[in-house]
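Here is a walk through a structure, one region at a time. Keep the viewer open and follow along.

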Amino acid sequence: MTAQGKITSSFDAEKARADFEILARQVYGKPLAYLDSGASAQKPRIVLDTMRDFAQSEYANVHRGVHFLSAAATDRYEAARRTLQKFLNAAREDEIVFTKGGTEAINLVSYSYLAPGIQPGDEIVLTVMEHHSNIVPWHFLRERQGAVLRWVDVGDDGSLDIEALDAAITTKTKLVAVTHMSNVLGTVTPLKEIIARAHAKGVPVLADGCQGAVHEVVDVQALDIDFYAITGHKLYGPTGIGALYAKRAHLKAMRPFNGGGEMIREVMKDRITYADPPARFEAGTPPIIESVGLATALDYLMAFDRKAVAAHEHDLLTYAREQVKQFNWLRVIGDAPGKGAILSFEAEGMHAHDLATILDREGVAVRAGHHCAQVLMERFGVASTSRASFALYNTRADVDALIAGLHKARGILV
Amino acid sequence: MDNALRELYQEVILDHSRHPRHHGVLENASHKAEGYNPLCGDRVTVYLRLDADNRVADIKFEGRGCAISQASASMMTDMLKGRTATEADRLMTGFLHLVKGEDASDLLEDDRERLEVMGGISEFPMRVKCATLAWHTYRNAVEEGKNAVEEGKNAVEEGAT
């Protein structure tokens, strides 16, 4: 591998980069090196344009009016659902529930699927590398209903031990809730194997796909997964929208979460009947413009050879790892085989926030802190880390800016 | 290096953060409080011994954090020691104004000169909480920390700046 960045795939990152106007801006007079897509990705022009065009020409509320615009908007909203169906390869479009994000998707499973049947002592299996959004909803069930959280550790390299996970699944287990890709370590979990092991014991599986769906091709049918949560804004789409994939049989058995318009069949003074899924779980006016934006983002992403995109992101990770080897004061956290394009590290003598402040002034945007993964921080004995996360629009120049910034920070702080 | 960064990470600040003054547990504390910044996970514990006139007879802090929070805590302990409650109040109010880039002319001239090194933080709004954590924890120790010494509790979360 050379520093010039030999093109190893059919994916042209420079060309894709031009689709993201914000990446051309400067911060503090320096070119922007945006390495925080793991927190939120930038949006390509076509997503922004399509949302604006839709709002200017076809917008109205959905599923309500009989008028022209309402019909047009409803068509677009339901078409967006089919785009998500395609993206996740769901068997049916009504297995896709729009939510306001990944967090709401997981909370929906907690409230509507798991909570009604939870007895004290029932167990939920999680890994220590979960994001708080895949921890706190289960803590609610612990606090309120006496559920027990069973934690599966990761190895020092951040990899998940499938045998340890298997051993944690008992006759009391009601759900395995596991990330598809760790937002700190980059570890990609062996979902197919996890699901096979859990199903062998009759236990359903939820995957937090907020990171995983961005970097991996997801096929919910091939996985045979029960629940898969995604968020729009990490997928180059807008904020305020996400989705839950759930098997039809689960959705039909689930009680409503939020109550309001759109989710009912009939409301009387003394009784109420609910709409069928997915409408049952989409109370109130949904994120309509955002649904169109998300569908556009997914079409944008699917138009690429996604394996080539993943190879490009992985090349950046490998390049960055090679570069940081020169720093004997830097410890990379997360080194699992096949990990995704996330580089978390701790730097001796430099607190993550000081480092991030100095990098910021060099135009380099990284995340510093606990990454909403305090259980994992505890596992690795750190209060916080710095994290560079790579997206399809990043190039080796971004990595070079990070490395130069690290040199500079060292010079200032140590 | 750009000027704002040079201002922020002055040698005085780095020296305080590398070699914090009054660092450790104050064995005969009369008041204490714990501060926590949920954004970064940094923690600080401030121990005080207030004499009969509410003068800060002794003060120490414990904890780990970024250069800004450590330097701020270290300077704070240096400057608060020996002050009466009223003097300490004035100092803290002035400090909070200073790091937010507001008018800090109510500070005594000596204090203003010593605290000037922290003024650079006002250019970094995302970092103001790092600088104020120890001070808010100190205030919490004075106000509610008397029983905390016996009960082993009293926590403040760095929400407001």
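Predicted model: local features only at pLDDT ≥ 70, side-chain atom pairs only at ≥ 80, totals over all residues.

Residues are numbered from 1 along each chain as its sequence is written, with chains lettered from A and ligands numbered from 1 in the order in which they are written.

Let's begin with helix 12 of chain A, residues 306-324. Helices here are DSSP runs of H or I with at least four residues, strands are runs of E with at least two, and both are numbered from the N terminus. Buried stands for 20 or more other C-beta atoms within 10 Å of a residue's own, exposed for 12 or fewer, and partly exposed for anything in between, with C-beta atoms placed from the backbone.

Now for the helix pairs. Two packed helices are described by the angle between their axes and the distance between the axes. Axes are lines fitted to C-alpha atoms, for helices over the stretch in contact, and angles run from 0 to 180 degrees between N-to-C directions. In chain A, helix 13 (352-361) packs on helix 15 (396-413) at about 120 degrees, with the axes 9 Å apart. That angle makes helix 13 of chain A oblique to helix 15 of chain A; angles under 35 degrees count as roughly parallel, over 145 as roughly antiparallel, 65 to 115 as roughly perpendicular and the rest as oblique. Look for Asp354(A), Leu355(A), Ile358(A) and Leu359(A) on the helix 13 side, meeting residues such as Gly405(A) and Lys408(A) of helix 15 of chain A. Contact requires C-beta atoms, placed from the backbone, within 7 Å.

Over in chain B, helix 3 (67-80) and helix 6 (128-144) pack at about 40 degrees, with axes 7 Å apart. Helix 3 and helix 6 of chain B are therefore oblique to each other too.

Where do the chains touch? The contact takes 15 residues from chain A and 16 residues from chain B. On the chain A side, helix 13, helix 14 and helix 15 each supply at least two residues, and the largest share, five residues, comes from helix 13 of chain A.

Last, the backbone. Most residues other than glycine have a negative phi, and most peptide bonds are trans. Yet Pro277(A) to Pro278(A) is a cis bond, with omega near 5 degrees, and Pro278(A) sits in the loop between strand 12 and helix 11 of chain A. Asn89(A) has a positive phi near 50 degrees, and is partly exposed, with 14 other C-beta atoms within 10 Å. Asn54(B) has a positive phi as well, about 65 degrees, and lies in the loop between strand 2 and strand 3 of chain B.

How values were computed
Contact = placed C-beta atoms within 7 Å. Expected span 1.5 Å × (residues − 1).
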